[in-house]
Amino acid sequence: MCRSIRTLRPPMAPEVGDEDIRAAALQYVRKVSGFRTPAAHNRAAFERAVEAVAEATRELLDDLEVRGQDGGPPRRPPARS
């Protein structure tokens, strides 16, 4: 399942939105938990985990330093609001 998570950092994915980040987080939580869809009594924990992973992913992508292939100075992706 996690093999279907695509790389989200530039230049591999120049346009990454919240939907892309949430989809990757959802795939990760599904894999780790072993549940594609959680039972009602696990739904809140499952959703909290998806949101935590999505937030960590946003922070990671915001903090990564992406160097250009042209040998120029390091570039950083624009900050997310």
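pLDDT is the predictor's confidence in each residue, on a scale from 0 to 100. The model shown here is predicted, and its chain has a mean pLDDT of 84, with 79% of the residues reaching 70 or more. Welcome to a chain with two helices and two strands, which follow one another along the sequence as α-α-β-β.

**Confidence along the chain**
- Helix α2 has the highest confidence in the chain, at a mean of 96, while strand β2 (residues 74-75) has the lowest, at a mean of 54.
- Where pLDDT is low, the predicted coordinates should not be read in detail.

**How the two helices meet**
- Helix α1 covers residues 18-33 and helix α2 covers residues 43-63; they pack with their axes 8 Å apart, at an angle of about 125°.
- That angle makes α1 oblique to α2.
- The crossing of α1 past α2 is right-handed.
- On the α1 side, the residues making the contact include I21, A25, L26, Y28 and V29, along with the charged D18, R22 and R30.
- On the α2 side, F46, A49, V50, V53, A54 and L61 are among the residues taking part, and so are E47, E51 and R58.
- Sorted by type, the residues of this contact comprise eleven nonpolar, two polar and six charged.

**The chain as a whole**
- Of the chain's 81 residues, 23% count as buried.
- Among contacts with a separation of 6 or more, 44% are between residues 24 or more positions apart.

Definitions and conventions:
Residues are numbered from 1 along each chain as its sequence is written. This is a predicted model: local features need pLDDT of at least 70, side-chain atom pairs count only at pLDDT 80 or more; totals for chains, interfaces and linings use all residues. Side-chain values use heavy atoms; hydrogens and water are left out. Axes are lines fitted to C-alpha atoms, for helices over the stretch in contact, and angles run from 0 to 180 degrees between N-to-C directions. Helices (H or I, at least four residues) and strands (E, at least two) are DSSP runs, numbered from the N terminus. Angles under 35 degrees count as roughly parallel, over 145 as roughly antiparallel, 65 to 115 as roughly perpendicular and the rest as oblique. A crossing is left-handed if the near helix is turned anticlockwise from the far one by less than a right angle, and right-handed if clockwise. Contact means heavy atoms within 4.5 Å. Buried means under 20% relative accessible area, exposed over 50%, partly exposed in between (1.4 Å probe, protein chains only).
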